[in-house]
Amino acid sequence: MIYLRPLRAVPIGLLATLTVVLAACGSTSRPAATPQVTATLGAGSAHDWTMYHYDRARTGYVSDTPDPKTLTKAWSIPTDEAVYAQPLAIGGKIIVATEGNTIYALKASDGSVLWKTNLGAPVTRNDLPCGNISPLGITGTPVYDPATKLIFAVAETSGPKHELVALDIDSGQVRQRRSADPPGMSSPEAHQQRAALALNNGIVYVAYGGLFGDCGNYHGTVVGARTDGQGSLMVYQVPTTREAGIWAPPGPVIDANGKLYVSVGNGEATSGTWDKSDSVLRLSPQLQYEDGFAPTSWPQDNARDADLGSMGPALLSDGSIVSAGKSGQGYLLRSDHLGGVGGQVQEMDLCRAFGGAAALGMRAFLPCTDGVREVKVESGKMTVGWHASGVPGSPVIGGHTLYATRSGTLVALDVDSGQQRASVDIGETTRFATPTIYGDALFVGTVAGVTAVKIGS
């Protein structure tokens, strides 16, 4: 099921835009000045952040970001509705998608609007069988394709229906628009597109789960569409009678061979033959089922909504996968042999995890409900490292610092010790808000818009 903290996106009135003072170097002594956000770093460069958690493996890691001595709000810009998707950062632009079905391109330095494009009226709660996001527009994080210079996003529009839309990065003009509902999807209104879009080798992948409340006839599904807009959709549907949503915010995780790994939620079956629910599945680039894992407790997990669907698989550098979900159990898996039911390398009490994990070498950093946890894998065994109590957000890593949200606050933690380096108020966020690292700044979507934070080193 989709497990989101109930929040209602409300229209935001016109707010005053904070002025960003630009300087060639150094800082101003005037206390009223706003910190500058530059496109480059003293110790590195600004890397385009083109998809959820930076890369296809969803590591959320950028190596040469300076470690902060301070974090300071640089600017905050209102949008038409709440921002659930992670912002993208491309060529000095911050790309923000909203539940109002609007995509904004903002200037990274000061938040000024370069262009904005609305993709149609979003769907209201009255037009849905259940759910807790209203209006419901763009929820899954878009993806940018450097080869075509197009931003791909899925907008939910009246019908309800899901449309895959491609926009020009420079102008915001719509270049492609097609249905993202696969042929034969009987109840588009019961399917929510929460998972981030993925991109590999000219194919955009879109995953579907259900609405909060598990209502209606929905099935976990992944579709693939060519970036040139041609051809029919490729489709994989979890072979269950109902449910088994693929909804975790990271969406499909893709390895170096183009294989997709998805976490699957609770299915309707609570006995009998495993229906591929409560699982981690591996799919080919053509969306053919190749392998899967489920706990031996999958029937009981399904019955009590304690499945693996709430966190995306954490893919480590040697191909190991750390998986956790709603039950509190954690699993170490082999990506080349997921092993079927009970096929884990190791199982241990770990935590309840919701969102996207970050990965750095042989370490995973999990978005546990009681705070981020470091999990180390050595000699084929998991051990738990530090725990940042009360910081439950989906983490990203820049340099030697991990960033995650906590109740409207962005927190910076030492990635090796978990000790807090700095924090700053950013405004109310959704449960799965995930920071974006770009140059010497971070960008976070909120229920009101987007906030930029300056890294002070």
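Start at the largest cavity: by class, its lining has 9 nonpolar, 4 polar and 1 charged residues. Here Ala, Val, Leu, Ile, Met, Phe, Trp, Tyr, Cys and Pro count as nonpolar, Asp, Glu, Lys and Arg as charged, and the others, Gly among them, as polar. The model is predicted: local features need pLDDT of at least 70 and side-chain atom pairs count only at pLDDT 80 or more, while totals for chains, interfaces and linings use all residues. Residues are numbered from 1 along each chain as its sequence is written, and side-chain values use heavy atoms, with hydrogens and water left out.

A cavity is a set of points, on a 1 Å grid over the protein atoms alone, where a 1.4 Å probe fits but cannot get out; lining residues have an atom within 4 Å of a point. Grid points are joined across faces, edges and corners, and the volume is the space filled by probe spheres set on the points. The count comes to 4 cavities of 30 Å³ or more.

Next select I246, A248, P250, G251, P252, V262, S263, G312 and P313, which line the second largest cavity. Its volume is about 50 Å³, and its lining divides into 6 nonpolar, 3 polar and no charged residues.

**Nonpolar cores**

Now select L71, W75, I94, L106, Y403, L410 and F443. Among the 31 residues of the largest nonpolar core, these touch the most other members. Such a core is a set of buried Ala, Val, Leu, Ile, Met, Phe, Trp, Tyr and Cys residues joined through side-chain atoms within 4.5 Å. Buried means under 20% relative accessible area, exposed over 50%, and partly exposed in between (1.4 Å probe, protein chains only). The elements giving two or more residues to this core are β4 (70–78), β6 (93–97), β7 (102–107), β33 (409–414), β34 (420–425), β35 (436–438), β36 (441–445) and β37 (449–456). Helices (H or I, at least four residues) and strands (E, at least two) are DSSP runs, numbered from the N terminus.

Centre the view on L410. Leaving aside neighbours within four places in sequence, L410 is in contact (heavy atoms within 4.5 Å) with L71, Y403, A404, T405, A422, S423, V424, I426, P435, L442, V444 and V453. A second, separate core of 20 residues includes A195, Y205, V238 and W274.

**Salt bridges**

A salt bridge is a side-chain nitrogen of Lys or Arg within 4 Å of a carboxyl oxygen of Asp or Glu, and the count comes to 18. Select E243 and R242: they form a salt bridge, with the closest N and O atoms 3.2 Å apart. E243 lies in the loop between β17 (234–237) and β18 (253–254). Its phi is near 75°, a positive value in a residue other than glycine. E243 counts as buried because its relative accessible area is 7%; R242 is buried too.

Move to D291 and R282. Their closest N and O atoms are 3.7 Å apart in a salt bridge, and both residues are buried.

At R304 and D301, the salt bridge has its closest N and O atoms 3.6 Å apart. R304 counts as exposed because its relative accessibility is 54%, whereas D301, at 2%, counts as buried.

**Loops**

Not counting residues up to four places away in sequence, G339 touches D291 and G292. G339 and G292 are 47 residues apart in sequence and 6.5 Å apart in space, C-alpha to C-alpha. At 27% relative accessibility, G339 counts as partly exposed.

Then select Q86, in the loop between β4 and β5 (88–90). With a relative accessible area of 3%, Q86 is buried. Its contacts, beyond residues up to four places away in sequence, are W49, M51, Y52, H53, T141, V396, T434, P435 and T436.

**Backbone details**

Two cis peptide bonds are next: S134 to P135, with omega near -5°, and G159 to P160, with omega about -15°. P135 sits in the loop between β8 (113–118) and β9 (143–145), and P160 in the loop between β10 (150–157) and β11 (161–168).

Finish at D278, in the loop between β19 (260–264) and β20 (279–283). Phi of D278 is near 45°, a positive value in a residue other than glycine. D278 counts as buried, at 0% relative accessibility.

Technical notes:
On a 1 Å grid over the protein atoms alone, a cavity is a set of points where a 1.4 Å probe fits but cannot get out, and a pocket is an open set with protein on both sides within 12 Å along at least five of seven lines; lining residues have an atom within 4 Å of a point.
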